[in-house]
Amino acid sequence: MRALLVLLVLLGGWEAYVGFGAIDELLLPAPSSIATALVEDRALLWSNFTVTAREIGLGIAAALVLGLAGAVAIHLFRPVRRALYPLLVSSQTIPIPVIAPLLVVWFGYDLTPKIVIVALVCFFPIVVPTLDALDRTDADLRKLMRSLGASRWQTFRLVEAPAALPGLVTGAKLSLAFAGIAAVLAEWAGSESGLGHLVLQALPQFETARAYAAVLILAAFSVALFGALSVAERRLLPWAHLPRGTTP
Amino acid sequence: MQTRTTALPEAPRTGIEVDAVRLEDVSKTFAAQRRGAAPVAALEGISLRAAPGEIVAVVGPSGCGKTTLLELVCGLIEPSGGTVDAQPAALMAQRDLLLPWAEAVDNAALALRVGGIDRAQARSQAGALLEDFGLGGFLQARPHELSGGMRQRVAFARTLLAGRPILCLDEPFAALDALTRLQMQDWLAEALRADPRTVVLVTHDVEEAIVLADRVVVLSPRPGRVVATLEVEIARPRRRTDPEIVALRARALEELRA
């Protein structure tokens, strides 16, 4: 509620700032112009949004599958940890703007390089919290499983995997924040559609309001996904949100 | 690692029953945690036995190696010296260690699932036991919805369902409030009467030991040594106010202070 109030004040200030002619509308369109662009260009924005949404959705899905598999492999097999983890960390230091054009050359102009880039960016923030949660499983629970004669696999399936679910959700939330940026960067490296592509086209055409509208849609999409994930988390993993001290 | 099972010799022809648990001159020393620190002797020269169906309580001050003793009996660790002979044992810790995401019935069924029984059958078996334990209305409850006493009962059900002849109980009620602890002690006495097992009960509560056990072994401060063994030949059900119990309790406390 308070966040909404702050937002309204900011928007009002912004509108007034542009309205008094303090800045060229081509550089900073007023919120009302952006709203107009949202309505007038809705067909164009929607068709490009569906492209970017698919890139983000499929990219995150791929990152979730690979990230989960990676975290489990690193957790279960010590040699994999030594061999793979340093490589994972170094993979995160690769600047996306540098490799994005190369991936476009490699995979073509269509969806594939975008998914690869989004997945590449989102992979790491998924692996780290998931692996952390797996590694931090209560040592006494492991001892309990050992005393019951459980196999390594049973301990993983019955204890470690459920205990790591909150970590996986945290990773998914983090990756949502990065996915939008990654998708836009991927589109800038070469594409014919998508919100990032739309922004790139709108600016030289002096359609600044449309570019802002595209950014707004992308932000709203990320916030909506984040919200949906938070709701799902509270529904499905209520035990992960107990106040400290009440967990056994 | 499986709980170590040592094949016990056939009962000798003298008619003496074979011990379910037999520790002879057992010691356990832990390597130093830090470089340069001295190794820690947790137990020294411990001899202890429990006949099948017997309840043996081990009391001693904090840090005298009681938990180590149970882990030895359960085969979770190896002794540094001496021999440990024990039938398969199930361990119940002071922390209930219930899985926070699982329903009470799934928590109780954990040992069965580990034993390879499918979920539906494990749940129905565990559910029946929880109903016997007065938790019929809480089968689907998650641990955080249960009281401390209820959680310990679920943990005890899980331990029983492991199907081992020996139960190792490690201060099972220490985390409970005083009143709940008294109720749970009576409850445990009743549960063990219904389903007799060999029990090694570790506690720092002398009264708990005397109310529940057939024999009380008193350990010294670290490294733990047996300083006294008290036979509790008092008919059950036992009342805490019984003069015999009060006298025995005084004696045990005397030994602890010595």
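Colleague: How many bridges pair strand β1 of chain B with β4(B), and in which sense do they run?
Modeller: In this predicted model, strand β1 covers residues 21-30 of chain B. One position in the pairing is B:S27, whose bridge partner in β4(B) is B:G81. The two strands run in the antiparallel sense, and the number of bridges is five.

Colleague: What is the strand order in the open sheet of six strands in chain B?
Modeller: The edge positions belong to β5 (89-92) and β9 (226-231) of chain B, each of which pairs on one side only. The pairing in this sheet is mixed, and the twist averages 15° from one strand to the next. The order is β5-β6-β7-β3-β8-β9.

Colleague: Is B:S220 buried or exposed, or something in between?
Modeller: B:S220 is found in the loop between β8 and β9 of chain B. Beyond its neighbours within four places in sequence, B:S220 is in contact with B:G60, B:C64, B:R225 and B:V227. Burial would require 20 or more other C-beta atoms within 10 Å, and exposure 12 or fewer. B:S220 has 18 within that distance, so the class is partly exposed.

Colleague: How far apart in space are B:S220 and B:R113?
Modeller: In sequence, the two residues are 107 residues apart. From C-alpha to C-alpha, the separation in space is 39 Å.

Colleague: Which helix gives the largest share of the side of domain 1 of chain B that touches domain 2 of chain B?
Modeller: Chain B is divided into domain 1 (36-88 + 164-258) and domain 2 (99-161), with 25 Å between their centres, taken over C-alpha atoms. The contact takes ten residues from domain 1 and six residues from domain 2. By class, the domain 1 side has seven nonpolar, two polar and one charged residues. Four residues of that side, the largest share, come from helix α6 (residues 178-194) of chain B.

Colleague: Which element supplies the largest share of the side of chain A that touches chain B?
Modeller: The contact takes 18 residues from chain A and 24 residues from chain B. On the chain A side, ten residues are nonpolar, five polar and three charged. Both α7 (139-147) and α8 (152-188) of chain A supply at least two residues each. The largest share, six residues, comes from α7(A).

Colleague: Why is helix α9 of chain A described as largely enclosed, and what do its buried residues pack against?
Modeller: Helix α9 spans residues 195-202 of chain A, and six of its eight residues are buried, so the rest of the structure largely encloses it. The buried residues are A:L195, A:G196, A:H197, A:L198, A:V199 and A:A202. They pack against α3, α8 and α10 (208-236) of chain A.

Colleague: What percentage of the residues in chain A is buried?
Modeller: Chain A has ten helices and zero strands. Its C-alpha atoms fill a box of roughly 75 × 45 × 30 Å along the principal axes. Among contacts in chain A between residues at least 6 apart in sequence, 76% join residues at least 24 apart. Of the 248 residues in chain A, the buried part is 35%.

Colleague: Which element of chain A has the highest mean pLDDT?
Modeller: Chain A averages a pLDDT of 89, and 98% of the residues score at least 70. Among the elements of chain A, the lowest mean, 85, belongs to helix α4 (residues 78-91). The highest mean, 94, belongs to helix α3 (residues 42-76) of chain A.

Definitions and conventions: Residues are numbered from 1 along each chain as its sequence is written. Chains are lettered from A and ligands numbered from 1 in the order in which they are written. This is a predicted model: local features need pLDDT of at least 70, side-chain atom pairs count only at pLDDT 80 or more; totals for chains, interfaces and linings use all residues. Two strands pair if DSSP finds at least two bridges between them. Axes are lines fitted to C-alpha atoms, for helices over the stretch in contact, and angles run from 0 to 180 degrees between N-to-C directions. pLDDT is the predictor's confidence in each residue, from 0 to 100. Two residues are in contact if their C-beta atoms, placed from the backbone, lie within 7 Å. Domain bounds come from an automatic or database domain assignment. Ala, Val, Leu, Ile, Met, Phe, Trp, Tyr, Cys and Pro count as nonpolar, Asp, Glu, Lys and Arg as charged, and the others, Gly among them, as polar.
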